[in-house]
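Thank you all for coming.

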Amino acid sequence: MTDLYAVFGNPINHSKSPHIHRQFAEQTGQDMHYTKQLVNEGEFEKCVQEFFAQGGKGLNITVPFKLNAFDFAQKRTARAERAGAVNTLAKLSDGTILGDNTDGIGMIHDMHNLGWELEGKRVLILGAGGAVRGILQPLLEEKPAQVVIANRTQSKAEELAKNFHDLGDVQAKTFEQLHGEVFDLVINGTSASMQGELPPLPDTLLATNACCYDMMYGPEPTIFLRWAKERGAAQLADGLGMLIGQAAEAFYLWRQIRPEVVPVITAMRRQIAERK
Ligand code: ATR
């Protein structure tokens, strides 16, 4: 019997998840059907219960329900606990609903695919919202020399640094305190680029051979990646690989098979360019 999967969110029309999982299923010969479902506010629990009661095997959860999914899960992975949010639900063989968060590991795998080494590197993260919280544990497991979190609202950066302090050298700084500092990797986890804005960054922030990663992606390079290019960043990447990477980890959780992400990234990059 064909196994059922879906992505739940609001809005959901733009979701690329069905397209990505269809490619993974074809590639690995898995008999599965993946749909997208618009869920109204206040109806998340009801919709998830119905989905699993009707034989559904797994869900991806996107904005604005990742906290609801966290609460819904009967069991959670350690990385989901740390992230404080769940983007993947899986029905286990005993019927238990497991909650996982694959966003951070998806980003780390993308960086590995890009050939970026994280061990011993000085890392700066811009932003301190849910997206940043989701990547901190997998990032710190790569053993960077230091992680600095800079955010417009300083108290949020401080709270994150405090929460992840046991996993490595994590500090909070204001944008002003970045003057005179140099980093090997800068990750933009703010939503500022969606408004075409950029946090106030010093021009001298990037080390020689620095890599810059934007968790957002679009048909054109983001304002952050344009900033990084102009300041001589050696390597740039947007968040398309992270999107596909988190999907691959969810697929692995459900099917115990790891799909190839690079051909899917290449195909989607081509489609995005053609649609411009
Ligand atoms: P997400 O779940 O995508 O992380 P979020 O929790 O709303 O969304 O967090 C958005 C992040 O982008 C926050 O770090 C926010 O800074 P504040 O904590 O000060 O609000 C940051 N952000 C949004 N717009 C910004 C802007 N124009 N300049 C700088 N930072 C911005």
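Let me start with a question: which of the 14 residues around the ligand come nearest? Before I answer, please keep in mind that what you see is a predicted model. The residues that come nearest are Asn151, Arg152, Thr153, Lys156 and Glu197.

For two of these we can look at single atoms. In the side chain of Thr153, an N or O atom is 2.5 Å from an oxygen atom of the ligand, and for Lys156 a polar side-chain atom lies 2.6 Å from a ligand oxygen atom.

Now to the helices. Helix H1, residues 17-28, packs with helix H9, residues 240-255, at an angle of about 55 degrees, and their axes are 10 Å apart. That angle makes H1 oblique to H9, and the crossing is right-handed. H1 brings Ile20, His21, Phe24, Ala25 and Thr28 to the contact, while H9 brings Leu243, Ile244, Ala247, Ala248, Phe251 and Trp254. Sorted by class, these are nine nonpolar residues, two polar ones and no charged ones.

H9 also packs with helix H5, residues 103-113, here at an angle of about 120 degrees with the axes 7 Å apart, and that angle makes H5 oblique to H9. In this contact, Asp103, Ile105, Gly106, Met107, His109 and Asp110 of H5 meet Gly241, Met242, Gly245, Gln246 and Glu249 of H9, which divide into three nonpolar, five polar and three charged residues.

Technical notes: Residues are numbered from 1 along each chain as its sequence is written. This is a predicted model: local features need pLDDT of at least 70, side-chain atom pairs count only at pLDDT 80 or more; totals for chains, interfaces and linings use all residues. Side-chain values use heavy atoms; hydrogens and water are left out. Axes are lines fitted to C-alpha atoms, for helices over the stretch in contact, and angles run from 0 to 180 degrees between N-to-C directions. Helices (H or I, at least four residues) and strands (E, at least two) are DSSP runs, numbered from the N terminus. Angles under 35 degrees count as roughly parallel, over 145 as roughly antiparallel, 65 to 115 as roughly perpendicular and the rest as oblique. A crossing is left-handed if the near helix is turned anticlockwise from the far one by less than a right angle, and right-handed if clockwise. Contact means heavy atoms within 4.5 Å. Ala, Val, Leu, Ile, Met, Phe, Trp, Tyr, Cys and Pro count as nonpolar, Asp, Glu, Lys and Arg as charged, and the others, Gly among them, as polar. A residue is near a molecule or strand if one of its heavy atoms lies within 4 Å of it. A polar contact is a pair of N or O atoms within 3.5 Å; within protein, one must be able to donate a hydrogen and the other to accept it, and residues adjacent in sequence count only if both atoms are side-chain atoms.
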